[in-house]
Amino acid sequence: MEVVLGQVEQLPALLAVCRSALVRAWDPPTLERALDWGRYFQHLHDRLRARPRPRLRHAVGQRLRRARSGAPLAFGQLGRCAELLGLALLENRALPPAACRRLLQRLLQPPAARPGRLALLARRKAACCLLEPLRSSPPSSPGGPEPRLAAEAGLLLGRLRDEPPGEPRWLGGVLQELPQPRAFRVVAAALLLVRQGGGGQQEEEAGAGPLLSWLLEDAERFAAFCQQLPGSLLASLAAHYSQISERYLDLLTGWGSSLLYDPLQGQWVKGCPDEAELSWEELRERFSCLCKGPEMLSRQTQAALKLLKARDGDFQVCGLSVWTDLLLEWSSLGCPGGGFFFFFFVLLGLAYDLASGLV
């Protein structure tokens, strides 16, 4: 038992060495021994889980936490030891070419008795590293996502399709690690890739279902999603997913209802400037993208605007209803003098009230 504990105590140091410049002196056999140690520790973890020995497991956890060199580890990381060592070496540019080639051979061609998890991990890591220089490259097609974004979306979909049915618990944690605009762009690109892939219904549900659940289950998250992404991209998503189009129209309705008409400026302004809502220009652009979308989406948007206009009194004068103004602009029936007439009637009402007070 003490021999095993002594070996476990050296794991944090081995991991630290794999991340350091000391690997410059490694040859392929040395690399093989390091990876063999990783498999040994993983095997130890599996045995302790299959046949629990509380005292030994507690002692192993203590040795990992009080490591003399390297960062402390948890017992759960013992089960991912081979992956941790492999990733540390993949990211270490000090590894000599011969040892690096042997590492790739080991990762990409694992033994037949073991699952290909390391191989899949290595391919995903290599894809991200390969596409890193293309971060600032233009999109490969007009309106398409940038190459790095498309790669990230593809990797995310691949991981989701490998999971059993149901919403994966890891999805929220992974997306929260990304900056919010980036996470939203990755989710949007993945949702569009699902529709463009032409897969069956089961494949679409496996990829899009968890993403839609994550996006729509939190109202604040969905509002931030719609604020931070461009209107053209949101219109594309709304054209493909009825769940998104319905919630998006409801959100735009709420934002539009909060706008107030300023007769002095002759335009619609935010009711509360500090609140995270859309301006008139942004709202107009979002509705314009929806109206220019596919025929079904365009009809749905126009029908919603006409219903909102009717609820406001069905006026044909600018400045009385934000929905009237949107419909007039969209149908090219501009009303340049509407703001003046509205201001005139406001002044007329004030004069009447003042005269009534004097009487």
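Modeller: Helices are DSSP runs of H or I with at least four residues, strands are DSSP runs of E with at least two, and both are numbered from the N terminus. The model is predicted, and local features therefore need a pLDDT of at least 70 and side-chain atom pairs count only at pLDDT 80 or more, while totals for chains, interfaces and linings use all residues. Residues are numbered from 1 along each chain as its sequence is written, and side-chain values use heavy atoms, with hydrogens and water left out.

Colleague: What percentage of the residues of the protein count as buried?

Modeller: A residue is buried under 20% relative accessible area, exposed over 50% and partly exposed in between, with a 1.4 Å probe and protein chains only. Of the 359 residues, the share that counts as buried is 39%.

Colleague: Which residues of helix 9 does E152 belong with, and is E152 buried or exposed?

Modeller: E152 is found in helix 9, which runs over residues 147-162. Its relative accessibility is 17%, and therefore E152 counts as buried.

Colleague: Which residues is E152 in contact with, leaving aside its neighbours within four places in sequence?

Modeller: Contact means heavy atoms within 4.5 Å. Once the neighbours within four places in sequence are set aside, the residues in contact with E152 are R182 and V186.

Colleague: How many nonpolar residues are in the contact of helix 16 with helix 17?

Modeller: Helix 16 contributes F287, L290 and C291, and helix 17 contributes L297, S298, T301, Q302 and L305. Ala, Val, Leu, Ile, Met, Phe, Trp, Tyr, Cys and Pro count as nonpolar, Asp, Glu, Lys and Arg as charged, and the others, Gly among them, as polar. By class, the contact has no charged residues, three polar ones and, as for nonpolar residues, five.

Colleague: What is phi of D314 near?

Modeller: D314 lies in the loop between helix 17 and helix 18 (322-330), and its relative accessibility of 44% is why D314 counts as partly exposed. Most residues other than glycine have a negative phi. D314 is a residue other than glycine with a positive phi, a value near 55°.

Colleague: Which elements are included in what covers the buried residues of helix 18?

Modeller: Helix 18 is mostly covered, with seven of its nine residues buried, and those buried residues are V322, W323, T324, D325, L326, L327 and L328. The cover includes strand 1 (259-262), strand 2 (267-270), helix 15 (242-257), helix 16 and helix 17.

Colleague: Which residues does L327 touch, not counting residues up to four places away in sequence?

Modeller: L327 lies in helix 18, and its relative accessible area of 11% is why L327 counts as buried. With residues up to four places away in sequence not counted, L327 touches L305, K306 and K309.
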